[in-house]
Amino acid sequence: MDPNGSVDDKCENRLCVGNLDLRITEAALLKMFSPYGKIVSVDLLWHTRGPKRGEPRGFAFIHYSTKEEAILAREKMHGRLACSRPLVVRLAGERYALEKADSSTKAVSEGHKLHLTGGGIGQTSRSAKIAAIKNKLKSLEEDNSKTKKQKLSDNIS
C-alpha cells in the first residue's frame with residue numbers, strides 16, 4: 001500500500017492463498033497455479049517460533065508477472081478444493097483494503113452511537129467505560145451483601 005491508501009503494483013501481482021492443507025508443498029502450489037500465468041515466486045509461510053516451529057502456517061503468497069494473470073488465477077482458484085479444503089484466494093493488497101474499510105465503517109457507526117449520547121467521541125467513550133465499570137462494581141457489591149445476609153440468616157436458624 002502506498003501512503004494514499006491505494007494498492008501498489010507489487011500487491012496487485014501477488015495472491016494470498018489461505019486455508020491450505022498442511023501437506024501442500026511449494027511445488028504443489030506451483031503446479032496448481034502455473035496454468036494461469038508466469039509465476040515469479042511462491043512463498044509458503046512457516047512457523048518460526050514456538051511448539052509449531054518448522055510447520056506450515058496454512059497460507060502462501062504467489063507472485064505473478066502481471067496483474068491480469070493474478071486476477072485470472074484468483075477467479076479460477078478461489079473456492080477450489082485442494083486436499084479436500086476450499087482455497088481462499090485474494091490479491092495480497094485486497095485483504096488490507098477490506099480490513100481498512102471494515103474498521104472505518106465500524107469507527108463511523110460507533111461515532112454515530114456516541115454522538116447520540118452527547119459529548120466528544122473520546123470523552124463519551126471514556127465516560128461510558130467508567131460508568132459500565134461502576135455499574136459492574138455496584139452489582140457485585142449488591143450480590144456480595146445478599147450472599148452475606150443469606151449466610152447470616154442460615155446461621156441463625
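User: What should I know about the model and its numbering before reading any values?

Analyst: This is a predicted model, in which local features need pLDDT of at least 70 and side-chain atom pairs count only at pLDDT 80 or more, while totals for chains, interfaces and linings use all residues. Residues are numbered from 1 along each chain as its sequence is written, and side-chain values use heavy atoms, with hydrogens and water left out.

User: How do you know which helix has the lowest confidence in the chain?

Analyst: The pLDDT is the predictor's confidence in each residue, from 0 to 100, and its mean is 51 in helix H4 (residues 92-117), where confidence is lowest, against 95 in H3, where it is highest. Over residues 104-122 the pLDDT is below 50, whereas the chain averages 78.

User: Why is a set of residues here called a nonpolar core?

Analyst: The name applies because the members are buried (under 20% relative accessible area, with a 1.4 Å probe and protein chains only) and are Ala, Val, Leu, Ile, Met, Phe, Trp, Tyr or Cys residues joined through side-chain atoms within 4.5 Å. The largest such core has 20 residues, and among those touching the most other members are Leu15, Phe33 and Tyr64. The elements that give two or more residues to this core include strand E1 (14-18) and helix H2 (26-33).

User: What makes Leu15 and Val89 contacts of phenylalanine 33?

Analyst: Contact means heavy atoms within 4.5 Å, and, leaving aside neighbours within four places in sequence, phenylalanine 33 is in contact with residues including Leu15, Ile62, Met77 and Val89.

Definitions and conventions:
Buried means under 20% relative accessible area, exposed over 50%, partly exposed in between (1.4 Å probe, protein chains only). Helices (H or I, at least four residues) and strands (E, at least two) are DSSP runs, numbered from the N terminus.
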